[in-house]
Amino acid sequence: MQHRFASLTFVLIVGIVLISLIGGSFILLQYRALSDQEGASKEVARMRNGVVAILDVVRTRDALQEVAAAGTLEGAAGDELFESVDYLFVRADTLRQALGEQPDEGGQDLLARLDKLITGVDDVVNGSFADFQNKQIDLAQATQRAIGAISNFYDDQKQRHVTAVVRQEKLLQRLVMTTIGLILVFVAISTVAILLWRSEKMARIRRHEAEIRAHRLAYFDPLTELPNRACFMEQAPLTLAENDGPALFLIDLDEFKGINDTYGHHIGDRLLNLTAQRCQEIFRSENGLVARLGGDEFAAIMPSCEGAGCLMEFSARLIETLSEAIQHEGIEVHPRASVGIATPSQLDGELPPTLSTMMRAADYALYKAKAEGRGTSRIYDADMADALARRREMKLAMPHALDRGEFFLEFQPQVHIQTGELHGFEALVRWRRDGAIVPPGMFIEVAEEDGFITRLDQWVFCHALKEARVWNQVSANSISVSVNLSARNFRTPDIVDQIAQAIGGSGVPAELITLEITESVLIDDWDSTLAILQRLSQIGVKIALDDFGTGYSSLSYLRRLNVDEVKIDRAFVIDIETSDRTRMMLDALVDIVGSMSMQLTIEGIETEGQARILSDLGGHVGQGFLFSRPVDRRESLHIINQGPHFWTRGPKQRLSLSA
Amino acid sequence: MLRALFATILFAATAVQAMEPIDVKKTRFAKAELTVTADGEDQSFTPAELEQLGTYAMTTYTPWRESPAEFVGVRLTDLLSATGLEDVSAIRVVAENDYAITMERDVWTNHDLLIATRVDGRGHTRRARGPIQFVFNMSQDPVTGDEDFQSNWVWMAARIEPVE
C-alpha cells in the first residue's frame, strides 16, 4: 500500500516536472515570437513617415510650380523650393534609417525615387532659371514617380502591418490559451496530488489507529483498562532494573468468587474496576506500575521503597483503600484484599532477583497472607523461603508416607455435657515423620492445596469406620464417630458413592457417622454442594458444620443448609467465663440450634467452669482437654471399656486414664 | 644661381596657382526662428538670439548618427526662465512641418535637454535635423534613445507654448 503511494507520488512529481518544462518552453517560445513582432510598431512609424513624405513631396511639387509661375528662382518661390527640398532630404534620411540596412524592393525603389527628386532639385535650386526650365519636365516626372513609390510603399507597409497585427493576435491568443491550459493541468494535477496525499494520510491514520487498537487488545485488559499480564511481563523487568529498591506487589481480592456468585458478575466486574482504579491511584502517586494479571489478581511494582517499615505502612494503606465498601445498584459489598510483597533485598541473593523469582516470592507471600487470615499483607523473606521449601518437600513426601504407614489416627472423645456420658470420638489424622509428629495444621494445608487431601480423607474415613465398628462391638451403647471431610472432596464426582460404599463395607450404622465439613465447601459451587449434602443425608450419615463462627456469613449458611450438627469453634469458649457477651451469644446459639433440632457440639473445653457454664446454657456435646486429649485406638477402647459414664461435673471428676 | 632661379620659378608657380580666383557659388541658408508664446504674447528667437541666453555643449550620439557629434545650444530651462515659463507643468513643441508633441515637465527636469543651434562648431542645418533641434545626452543617458522617448527629439523646432 505504502509502496503504491510512493510510486504514485514519484509519477506525479515526474509529471509535474515534465509538464512544467514542456509548457514553460512553449510559453517562452510564443513569448519570444511575440516579442519578435516589432514590425507592427515599426510599420506604423514607416506608414507615418510615408504620409509625411507625400506631404513633403507635394510641397516640393507645389514649390516647383510656383517657381515656374514666378519665372525666377529668386525670391519667396525659390526660398520655398530650397526649404521644401531640405524637408524632403530629412524625410528621406529618416525613411532610410527606418528601413534598415537592407530595405526590400519597394523600400529601395522609394529611396531611389526620393534621392532622384532631391538631387534634381538640388541641381537647379542654386542655378539659373533657364536650367530650371530645361529640367522642369524631368522634375515633374520625378515628383510624380516619387508620389507613386510612396503610395506603393504605404500600401505595402499597411499590408505588413495588418498581417503583423493578425499574427500578433494569434500568437497572443495561443499564449493565453497555453497559459490557461497549463494552469488547468497544474490545478488538475494538484487536485489529484492533494486527493492522493489525503487518502494516503487517512490510510496512515487508520493504520495507526488499528495498530493502537491491536496494541491495546494485546497489552491491556479491556475490563479495567489496566495493562494485562503480557504487558506487565514486558514492562516489569525494565521497571525493576531501572529503580533502586523496587517492590513487587501481588494483590488478590479475598472471597471474590463468593461475591461474584452471590451478587452476580456485574457486581464482580464493578468491584474489579474499582479495585483497578484504587490500585492505580495509590500506585500512581508512587510512580508505580499496575497490571491485572487475570481474575481477581493484580500485580504492581513500586519503583522505590526503603525498608520493610515503609512497605508495611504502604501495604496497610493499600489494603485499607481496597477494603472500602462499594455501593452499586443498591448493593453494598465489603471487599477485602490480601497482598504479597517481594523485594530484591529480601531475596538476599538466595534467588536471582529476576521478575519470575520475584513473582514467585510475592506469590508465596500472598499465599501466606491469605493463609494467615486474609485482608492482610506479607513480605517475602528467607523464612518463607524455608517454609516454601518445606512445603514442597512435604507435598512430595506425603503419598509415600501414606503408603509407608506413617499416617495414623487419634480419637478425641466427645461427651454429652448434660449427662457426662460418652457420645463418641472425632477421628484426627496424625503424621509421624522421622520419629516426630508433623503439626496437623501444616500438612493438612499442604494436602488441601495439593489435592492429596481427598486420598487422605478416604484413608481416614475407612480407618475411622474400622475403629467405630470395633467400638460398637465392645460397647453396649452406640458410639458415634466424626470424620473431617475436606471441601476438595466435593469436587470429586462420585464422592457420595465412595462414602456409601465405605459405610456399606464397614458394618457401622450410617447414623453413627458424622461428616464434618467447613464453610469453605460452600464457596465453590453452592448448588452442587447442596445436592451432595442432600444425598449424604439420604444415606443416613450426619453432617456437622465445623468451625462454626469463624467464617463471615455463618448464620446465613446455617439458614440455608440442612445439617445435623453445629460445631462451635474454641474461640467462643476461651472467654466464656469472663465475657457476658460470649455467654449471651452462646445462649442464643444454643437456642437457635436447639430449635432447629440440631446438635450443638462445643470444641476446646478446657476448664470445669467452661463446662459448667456450657452445661447450664444447655449445650449438647462437648469436646476438649477437660475431658480428654486425643487418644490412640488402644486408649479409645479402654475408654469404652470403662462404661458409658465418662465425665462427672465437679472439680477433678475426670476419669484417670491409665496406660 | 641656377638653384636660386629654380627656386624662384617654383615659388612663382605656386604663387600664381594660389592667386587664381575661387569658384563662387551661390548658396542659401535656412531662415530659422523659435517662437515662444508666454502670457498670450509671442517672442521669437533666431539661433543667434537663442545663443545670447548662454550656450552649453554636449557630445553625444543621436538616434540618427553613427558617430557622436558636439552639439552647442541653449538649455530649455534657461529659455523657459527667460520667457517666464519656468513653472509650467508641460509645454507643446511644434516643428516647422507642423509635427507637434506635448512634453511633460519631467522630461526637461530629469534629463539634460539642449536646444542645439550648432553641430561640430558649425551652424545647424535643416538637413542635419536643424536648424533648431532638441537634443538629449544619449551617450550618458541611454533611456533618451528609446523608441518611445524619441518623440521628444524635436527637430526643425518652431514654436513652444505652455500647456495649461
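**Figure 1. Glu329(A), an exposed residue in a loop of chain A.** In this predicted model, Glu329(A) has 9 other C-beta atoms within 10 Å, so it counts as exposed. Look for Glu329(A) in the loop that links strand 4 (326-328) to strand 5 (331-333) of chain A. For context, most residues other than glycine have a negative phi.

**Figure 2. Asp120(B), a positive phi in chain B.** What is the value of phi at Asp120(B)? Phi here sits near 50°, which is positive in a residue other than glycine. Asp120(B) belongs to the loop between strand 7 (113-119) and strand 8 of chain B. Is Asp120(B) buried or exposed? With 12 other C-beta atoms within 10 Å, Asp120(B) is exposed, because the cut-off for that label is 12 or fewer.

**Figure 3. The cis peptide bond between Gly130(B) and Pro131(B).** Stay with chain B and move along to Pro131(B), in the loop between strand 8 (122-123) and strand 9 (133-136). The bond joining Gly130(B) and Pro131(B) is cis, and its omega is about -5°. As a rule, most peptide bonds are trans.

**Figure 4. Chain B as a whole.** Now for the chain that holds the last two views. Chain B has 4 helices and 10 strands. Starting at the N terminus, the order of elements is α-β-β-α-β-β-α-β-β-α-β-β-β-β. Of the 164 residues in chain B, 27% are buried. Among contacts in chain B with a separation of 6 or more, 61% link residues 24 or more positions apart.

**Figure 5. Confidence along chain B.** The mean pLDDT of chain B is 84, and 82% of the residues score at least 70.

**Figure 6. Helix 15 alongside helix 17 in chain A.** Back in chain A, find helix 15 (residues 495-506) and helix 17 (residues 526-539). Their axes come within 10 Å and cross at roughly 20°, so the two helices are roughly parallel to each other. The crossing of helix 15 past helix 17 of chain A is right-handed. From helix 15 of chain A, the contact takes in Ile495(A), Val496(A), Ile499(A), Ala500(A) and Ile503(A). Helix 17 of chain A brings Ile532(A), Arg535(A), Leu536(A) and Ile539(A). Sorted by class, this contact has 8 nonpolar residues, no polar ones and 1 charged.

**Figure 7. Helix 13 against helix 14 in chain A.** Here, helix 13 (residues 440-450) and helix 14 (residues 452-474) of chain A pack with their axes 5 Å apart, at an angle of about 120°. The two helices are therefore oblique to each other. Helix 13 of chain A meets its partner through Ile444(A), Ala447(A), Glu448(A) and Asp450(A). On the helix 14 side of the contact are Phe452(A), Ile453(A) and Leu456(A). By class, the contact splits into 5 nonpolar residues, no polar ones and 2 charged.

Figure 8. Why does Asn484(A) count as buried? Because 23 C-beta neighbours lie inside 10 Å of Asn484(A), and 20 or more is what the label takes. Asn484(A) is part of strand 11 (residues 480-484) of chain A. Setting aside neighbours within four places in sequence, Asn484(A) is in contact with Glu516(A) and Asp546(A). Leu428(A) is 56 residues away along the chain, with 7.9 Å between its C-alpha atom and that of Asn484(A).

**Figure 9. Chain A as a whole.** To finish, step back to take in chain A, with its 22 helices and 16 strands. Buried residues account for 33% of its 659 residues. Of the chain A contacts with a separation of 6 or more, 67% join residues 24 or more positions apart. Mean pLDDT for chain A is 85, and 94% of its residues reach 70 or more. Over residues 652-659 of chain A, pLDDT stays under 50, and the model has 9 contacts beyond four places in sequence there.

Key: Residues numbered from 1 in each chain as written. Chains lettered and ligands numbered in written order. Predicted model: local features only at pLDDT ≥ 70, side-chain atom pairs only at ≥ 80, totals over all residues. pLDDT = per-residue confidence, 0-100. Contact = placed C-beta atoms within 7 Å. Axes fitted to C-alpha atoms, helices over the stretch in contact; angles between N-to-C directions. Parallel < 35°, antiparallel > 145°, perpendicular 65-115°, else oblique. Left-handed = near helix turned anticlockwise from the far one by under 90°. Nonpolar A, V, L, I, M, F, W, Y, C, P; charged D, E, K, R; others polar.
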